[in-house]
Amino acid sequence: MKLFRIILSLVLLISLLAGCSPEAQLPSANELAEALKGFSSDSVNWVELDKTKTNAYFGFTDENLLAFKGYINDSEEHFDIVAVFKLEDMDKKKEIYDGIAQLTSNAGANYRIASENEYNKINGHVIAEKEDFIILCIMDNYERIKKYLTEEIDAEIMN
């Protein structure tokens, strides 16, 4: 009987552990931004945007953000940006979308005359959502970026 209890305990323990595989955790804002930067061309010279720069680039303060990680191309001839916002309150996401619209509109207007390719790249930007994250990418290789976001992160492309 004692042997039966030990075997039963082991079987239950193994069953419990086998059924509790950890769910894939969503990367942090920093990890997402770093991964997305990897899809850019080698000619992009990334400069970090810290959380305090959200007002300057997107027109809103960082008070509703739990985390932010952003990078922008240092080149004046090219416009590339990666921004990952982690929201404290998803009811505030309209503010993020409005800020992204403002940034893309201003950047598009600035590059419209100078470079049709940059203008088209800006207008083709990718916005994705996953849980409490909003992700913005303006760079080449949109197909690879979308594939990464949808297949690896399981994010929803919003545009």
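Q: What kind of model is it, and which residues count for what?
A: The model is predicted: local features need pLDDT of at least 70, side-chain atom pairs count only at pLDDT 80 or more, and totals for chains, interfaces and linings use all residues. Residues are numbered from 1 along each chain as its sequence is written, and side-chain values use heavy atoms, with hydrogens and water left out.

Q: How much of the chain is buried?
A: Of its 159 residues, 38% count as buried. Buried means under 20% relative accessible area, exposed is over 50%, and partly exposed is in between (1.4 Å probe, protein chains only).

Q: And what's in the largest nonpolar core?
A: It has 43 residues, and those with the most contacts inside it are L36, F58, F79, I81, F85, L136 and L149. A nonpolar core here is a set of buried Ala, Val, Leu, Ile, Met, Phe, Trp, Tyr and Cys residues joined through side-chain atoms within 4.5 Å. Elements giving two or more residues to this core include α2, β1, α4 and α6.

Q: Let's pick F58. What does F58 contact, leaving aside neighbours within four places in sequence?
A: Among its contacts are F68, I81, A83, F85 and L136. Contact means heavy atoms within 4.5 Å. F58 also belongs to a cluster with F60, F68 and F85, linked by ring pairs.

Q: Show me one. How do F39 and Y148 sit?
A: They're tilted, 5.4 Å centre to centre with 50 degrees between the planes. This pair links distant parts of the chain, 109 residues apart: F39 is in the loop between α2 (29-37) and β1 (46-49), and Y148 is in helix α6 (residues 142-152).

Q: Buried or exposed, those two?
A: F39 is buried because its relative accessible area is 14%. Y148 is buried too, at 15%.

Q: Why is the F79 and Y111 pair called tilted?
A: Because their planes are at 55 degrees, with the ring centres 6.0 Å apart. F79 is in the loop between β2 (65-73) and β3 (81-87), while Y111 is in helix α4 (residues 93-111), 32 residues apart. F79 counts as buried at 10% relative accessibility, and Y111 is buried at 12%.

Q: New topic: lysines. Where is K130?
A: K130 is in strand β4 (residues 126-130). K130 counts as buried because its relative accessibility is 17%. Leaving aside neighbours within four places in sequence, K130 contacts L26, I153, D154 and A155.

Q: Last one: why does N120 count as partly exposed?
A: Because its relative accessibility is 41%. N120 is in helix α5 (residues 116-123).

Key: Phe/Tyr/Trp six-rings, centres within 6.5 Å; stacked < 30°, edge-to-face > 60°. Helix = DSSP H or I, 4+ residues; strand = E, 2+ residues; numbered from the N terminus.
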